[in-house]
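Okay, thanks everyone. Let me put the model up and talk through what sits inside it.

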Amino acid sequence: MRKILLLALTVCMLLMTAVAHAAQITDVKWGVDKSNVLRLVVDITDTAGYSVGLEGSKLKLTVNAKAAGQVPKVKKIKSTLADELRVVDGGSFTEVHLPLNQNITSNDYRAFVLKKDPQTGRPFRVVVDVTAAKITGTVGSSASSTNKPVVGSRPVKVPAAEANQPVVKKPEKTNPVVSTQKPTSQQVSTSKPTTTATTKSPSVSESKAAPSTSAPKIVKIGSSSTSEPKANVKTSKNSTEAKQELPLAIKAKTKFRTGGGIKGKIITLDPGHGGSDPGAIGASGLKEKQITLEISLRLKELLEKEGAKVYMTRTTDKDVYAPNASDRAELQARVNVAEKHNSDLFLSLHINSSVNKNVGGFSSYYYPKTENDLKISKAIQNKFAKNFGVDNLGVRQANFYVVKRCSMPATLLEMCFISNPKEEKLMKSKWFQKKTARLIVEGVEEYFD
């Protein structure tokens, strides 16, 4: 009996520890800037997944974290777009409901994240800007880091989107989900996946899938899966160090090749995340950056056996530009690797995540800057769909920074969900890593034929 009691006590302590370390929402704020953009800001103690979607005239932000007791359930808003916001407990997640005074579309809002900043004491934040009533031709839009929206009754400086602009990194985004790179326009899904349970990649307001069935992707800070970030690099006001210089964009000197077989083609592989940015993290502690690198290294070996010349944005667990660099600096550094080597193809590898642990499957994202971006995405996605016993989430157009900013055809691959227990276990296996790499090679071969 004593052993049983000790075991029960141990389990309780472990559960209490787990709860204590879980991400928690500490505040939900709102603000309206000079151009009449309504901004919602959710303060969270740690990185958390999220998704954004519309339900009729209601905007719903779902965050994979519980709200602390001090967070008000209802807040009044002084805006032409809405009169109040509501914080709803969803059990293991929290929903922020914004009943709107007018109907809007997915192009009228964008979402992104702001990193935790130990130097200034700012927490991890999920931000949603509603631009439906934006006044054009004014100074101080919500994309400006000098904006000071009014929160409640007093001016409060709300950090602007460091990594996204109206365009949203979302060259990768389509509806809610992943996450995470910024300026441009929101991604628009052009091909519907075979299931509606997907969430956007890392990204900001990328895919605006119904939040009820799709869970948000864990936000990836400074990864190529985020939407287009802003150009400025934030540093602490008290910092004596010089501001980081943004890497200048490099452009390839020669035109990319699309036919004639894979032999002799130059391909750049981009293992998502790395170094100070772990990407999405599974329940067992498995990090996205680990799996993307393992598969990329195997993929490089297989491509070289087929006669391709392969370069990688990283070959070890490190940041491509610099630790804790701005999203734009990190993403542009990855693009520069492909441009520097006059690549014919750019492949960015990622692992998806959702607050819904039942969501799983493969998906591919592209930006239609050339006639071949969709072609390479389809070629690889078709191989995944025919040879893996997981859901086929399809090919989607998105505003992801790396696939939009590189001059050659590119695709961003989301290789299953680390938040899905079965798929997390699967991606740890050498079998999964080898097979995934082999199927990507087969898709690339088909693309170049």
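Cys-406 is buried, at 1% relative accessible area, and Cys-416 is buried too, at 0%. Buried here means under 20% relative accessible area, with exposed over 50% and partly exposed in between, using a 1.4 Å probe and protein chains only. As for disulfides, meaning cysteine sulfur pairs within 2.5 Å, the search of the whole structure turns up zero.

Quick housekeeping: this is a predicted model, where local features need pLDDT of at least 70 and side-chain atom pairs count only at pLDDT 80 or more, while totals for chains, interfaces and linings use all residues. Numbering runs from 1 along each chain as its sequence is written, and side-chain values use heavy atoms, with hydrogens and water left out.

Now, the cores. A nonpolar core is a set of buried Ala, Val, Leu, Ile, Met, Phe, Trp, Tyr and Cys residues joined through side-chain atoms within 4.5 Å. The largest one has 36 residues, and Ile-440 and Val-444 are among those with the most contacts inside it.

Take Ile-440: leaving out residues up to four places away in sequence, its contacts (heavy atoms within 4.5 Å) include Leu-299, Leu-347, Phe-384 and Met-415. Apart from this core there's another, of 35 residues, Val-28 and Val-130 among them.
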